[in-house]
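Hello,

Here is the structure I promised to pass on to you. Have a look at it first, and then read on for what turned up in it.

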Amino acid sequence: MVQEGKFQEEIKDLKRGKGVSNKSKLSSLNVFIDENGILKVGGRLKHSKLNVYSKHPIVLPTNHILTTNILVYYHKKYLHLGAQALLYQVRQKVWPINGKHNCKKVIFRCITCAKNKPVLTSQIMRDLPTNHVTPNHVFNVTGIEFDDFETLSPGHFLIGRPINGIVEPLLSEIKETRLSKWQKITKFSQSVWKVWKRDYQCNLQQRYKWKFKVNDVKVGTLVLIKNENLPGTKWLLGRISELFHGKDNQIRVVNIKLPNGTVLKRNVRDVAILPTEN
């Protein structure tokens with residue numbers, strides 16, 4: 001029997017007329033052995049109007065294939081219940097140890113549930129590039145091309161000079177008595193950058209999301225491709241065919257091969273890995 005292999009010490013103690021050890025996972029269940037030699041929950045519901053199976057469910061070990069198969073059966077029978085509802089249905093007849101944890105594992109491995117609530121992959125946030133951590137004026141580093149520098153642009157208002165104007169000399173170390181009114185304004189602007197570097201830049205060390213490295217993105221992995229205009233059940237299904245690493249040697253982009261042979265390139269954060277039996 002499954003119970004004899006997993007609860008050997010507890011069964012021995014009960015047969016000797018002793019209670020189970022306080023260190024046992026069964027200590028809070030007041031377990032007993034029935035007339036058929038099956039280990040059951042004694043619990044506190046002996047005088048309730050529940051049926052005998054609900055009063056005294058059979059104890060099942062955690063992480064056992066029999067327990068898993070029973071949980072999978074009830075999960076499918078009741079149309080893919082959540083962990084708490086699944087545990088309630090199962091406990092009408094059996095009592096799996098660490099039941100809620102095992103229910104969550106079954107749901108996590110269920111492909112149908114994964115398609116209904118896909119969880120997108122993430123990767124540790126990359127280091128900030130040099131132009132993001134170097135003090136500079138707004139729009140000095142940009143992908144926008146300005147063809148007509150004579151036309152008044154937002155840059156004139158944001159940085160106080162034309163986009164192609166000469167950069168002012170550093171004035172922070174010069175006494176204000178030696179500066180003109182415009183130079184004083186420029187000095188004040190430069191002091192803002194100094195404070196930014198001292199008080200704000202150091203806060204960029206922390207990662208507030210995508211904190212951990214992800215290593216489960218591999219060639220051959222079955223994934224769903226994110227589509228913000230469709231529910232998860234309608235997302236395209238494919239397999240990762242190629243990995244692309246960033247400068248930090250972390251996987252940032254993947255090629256995904258669809259069933260029709262089409263290959264799509266996507267950011268790793270735009271795919272949801274589907275569970276497998278392994």
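The hairpin of S7 and S8 has 5 residues between its strands, and one of the residues to look for there is Gly 261, with a positive phi near 95°. Strands here are DSSP runs of E with at least two residues, helices are runs of H or I with at least four, and both are numbered from the N terminus. Strand S7 covers residues 251-257 and runs antiparallel to S8, with 5 bridges joining them. Two strands count as paired if DSSP finds at least two bridges between them. Across this pairing, Lys 257 stands opposite Val 263 in S8.

Before you go further, please keep in mind that this is a predicted model, in which local features need pLDDT of at least 70 and side-chain atom pairs count only at pLDDT 80 or more, while totals for chains, interfaces and linings use all residues. Residues are numbered from 1 along each chain as its sequence is written, and side-chain values use heavy atoms, with hydrogens and water left out.

Now for the rest of the sheet. S7 also pairs with S6, again antiparallel, through 6 bridges. Leu 243 has Val 254 in S7 as its bridge partner. The hairpin of S6 and S7 also has 5 residues between the strands, and Asn 249 takes a positive phi near 70° in it.

Put together, 5 strands make an open antiparallel sheet in the order S8-S7-S6-S5-S9. Strand S8 (263-267) and strand S9 (271-273) stand at the edges with a single partner strand each, so one side of each has no neighbour in the sheet. On average, neighbouring strands of this sheet are turned by 45° against each other, direction ignored; the axes behind such angles are lines fitted to C-alpha atoms, for helices over the stretch in contact, and angles run from 0 to 180 degrees between N-to-C directions. As background, strands of a sheet pair through backbone hydrogen bonds, either parallel or antiparallel.

Next, two helices. Which residues of helix H2 (residues 8-15) are buried? They are Glu 10, Ile 11 and Asp 13. Buried means under 20% relative accessible area, exposed means over 50%, and partly exposed is in between (1.4 Å probe, protein chains only). Seen down the axis of H2, its buried residues fall within an arc of 160°, so they line one face of the helix; the arc is that of the directions from the helix axis to the C-beta atoms. Exposed Glu 9 and Lys 15 sit on the face of H2 turned away from its buried side. The buried residues of H2 pack against helix H1 (2-6) and strand S1 (32-33), where contact means heavy atoms within 4.5 Å. After H2 comes Gly 17, with a positive phi near 85°.

Helix H6 (residues 99-108) has Gly 99, Asn 102, Cys 103, Val 106 and Ile 107 as its buried residues. Their arc around the axis is only 140°, which puts them on the same side of H6. Their cover includes helix H4 (65-77), helix H5 (83-90), strand S4 (94-96) and helix H7 (111-116).

Then look for the tyrosines. The structure holds 2 aromatic pairs. Rings of Phe, Tyr and Trp (its six-membered ring) pair if their centres lie within 6.5 Å; planes under 30 degrees apart count as stacked, over 60 as edge-to-face and the rest as tilted. Tyr 73 and Tyr 74 form an edge-to-face pair, 5.4 Å centre to centre with 85° between the planes. The rings of Tyr 74 and Tyr 78 have centres 6.1 Å apart and planes at 10°, so this pair is stacked. Tyr 74 is buried, with a relative accessible area of 11%, whereas Tyr 73 is partly exposed at 48% and Tyr 78 is partly exposed at 31%.

Finally, the protein as a whole has 10 helices and 9 strands, and 29% of its 278 residues count as buried.

Enjoy exploring!
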